[in-house]
Amino acid sequence: MQIDDETFIPLFKRANSILNRTLNSIEQQELSVRIHYWGFMPRHYDNTEHKHSFFEACYVLTGCGSYIENETEFHLHPGTLFLSRPGIQHQIKSREGLALCYVAFELDESANSDLHTAAFRRLAIQGIPVLQEDAGQASGLLWLSLLSMFRSGSGGKQHPPHMLNSLAASLLLSILAAHGPGFYQEPSDLGAREEGSSMFHQAELFIQDNLGEPLSLERVAGHLHVTTRHLTRLFRKYGHQSFVHYVQEQRVQQAKHLLLNTDRQIKEIAVSCGFESVHYFTRVFTSKLGVTPARFRRSQFSEGRYDSEL
């Protein structure tokens, strides 16, 4: 597919709008993945150093720049694939601007086979951050195939939803295969980790069910009948970040969903997601997504995420 500004700017807008509204999860046999957002950005320059609690996989269409992970700098060129893993500090820099495709996702471990769960856990720990064009060709081709489904001049034909779902699932599995240490390795310590993983999952469910209420480390630990020290270790190990940051991430994700799918007032959304005030909500939301709640609601996905940070 030919890549030029006139072609891919409207293409990116359609892909942003459709995928972020219709493809928020991947559901296949023994595989369930939650999609936080899709992104197609024609000009990405510098962003601040930051980290996520989830994976974010990117593909460079055009332009050059750098990806910095834990003070190691990697060069980015057309065809480069790079992966930000949970809990890893990273930053993107580019003077001329990068045309990027990206997807943020995490595994729903409760609905996956042990094989998929173990493979994604290894990806989080051992994943290769940057792959040049010749090292990850399959993922690059799948990104281009996905993008090509939103080209104009196709006679107005709509691709069936299951076709998008299957292509997206293939893309995520290709990312796992390209960046990961191996899909079919049997985990040596899965049994030892099951108890801790189960406890962390219970904490996740309690937090998600009580986002509108005060959620202290002491309260969640008391609910699970464990010490705060033990719960802190679980969030560092399985959540790849602190308890406080995890709760903030969940509240922001819930707020994002309500902003996109309801007409509730921003103040009401802030309260329902457990923020102390609308001013604190705005500060946290903007620091994590690079855009205010009001602007996110107005144009984040319908107009394309062109000026937000990864």
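Sorted by class, the residues lining the largest pocket comprise 12 nonpolar, 11 polar and 10 charged ones. This pocket belongs to a predicted model, and it holds about 770 Å³ of space. Its lining counts 33 residues, and those closest to the centre are Leu 107, Glu 109, Arg 121, Ser 197 and Tyr 238. Strand 8 (98-107), helix 2 (114-126), helix 5 (190-209), helix 7 (228-238) and helix 8 (243-261) each bring at least two residues to that lining. Helix 5 contributes the most, with 10 residues.

Now to the second largest pocket, with a volume of about 510 Å³. Of its 18 lining residues, Arg 34, Ile 35, Gln 253, Lys 256 and His 257 sit nearest the centre. Two or more lining residues come from each of helix 1 (5-22), strand 2 (31-44) and helix 8. Helix 8 has the largest share here, 7 residues.

Here are the two linings by class:

How far can you trust the model? The average pLDDT of the protein is 83, and 85% of the residues score at least 70. Residues 186-192 stay under 50 in pLDDT, and the model gives them 5 contacts beyond four places in sequence. The pLDDT is also below 50 over residues 303-310, a stretch with 36 contacts beyond near neighbours in sequence.

If you are curious about cysteines, the whole structure has 0 disulfides. Cys 64 counts as partly exposed because its relative accessibility is 32%, while Cys 273 counts as buried because its value is 0%.

Terms used:
Residues are numbered from 1 along each chain as its sequence is written. This is a predicted model: local features need pLDDT of at least 70, side-chain atom pairs count only at pLDDT 80 or more; totals for chains, interfaces and linings use all residues. Side-chain values use heavy atoms; hydrogens and water are left out. A disulfide is a pair of cysteine sulfur atoms within 2.5 Å. Buried means under 20% relative accessible area, exposed over 50%, partly exposed in between (1.4 Å probe, protein chains only). pLDDT is the predictor's confidence in each residue, from 0 to 100. Contact means heavy atoms within 4.5 Å. On a 1 Å grid over the protein atoms alone, a cavity is a set of points where a 1.4 Å probe fits but cannot get out, and a pocket is an open set with protein on both sides within 12 Å along at least five of seven lines; lining residues have an atom within 4 Å of a point. Grid points are joined across faces, edges and corners, and a volume is the space filled by probe spheres set on the points. Helices (H or I, at least four residues) and strands (E, at least two) are DSSP runs, numbered from the N terminus. Ala, Val, Leu, Ile, Met, Phe, Trp, Tyr, Cys and Pro count as nonpolar, Asp, Glu, Lys and Arg as charged, and the others, Gly among them, as polar.
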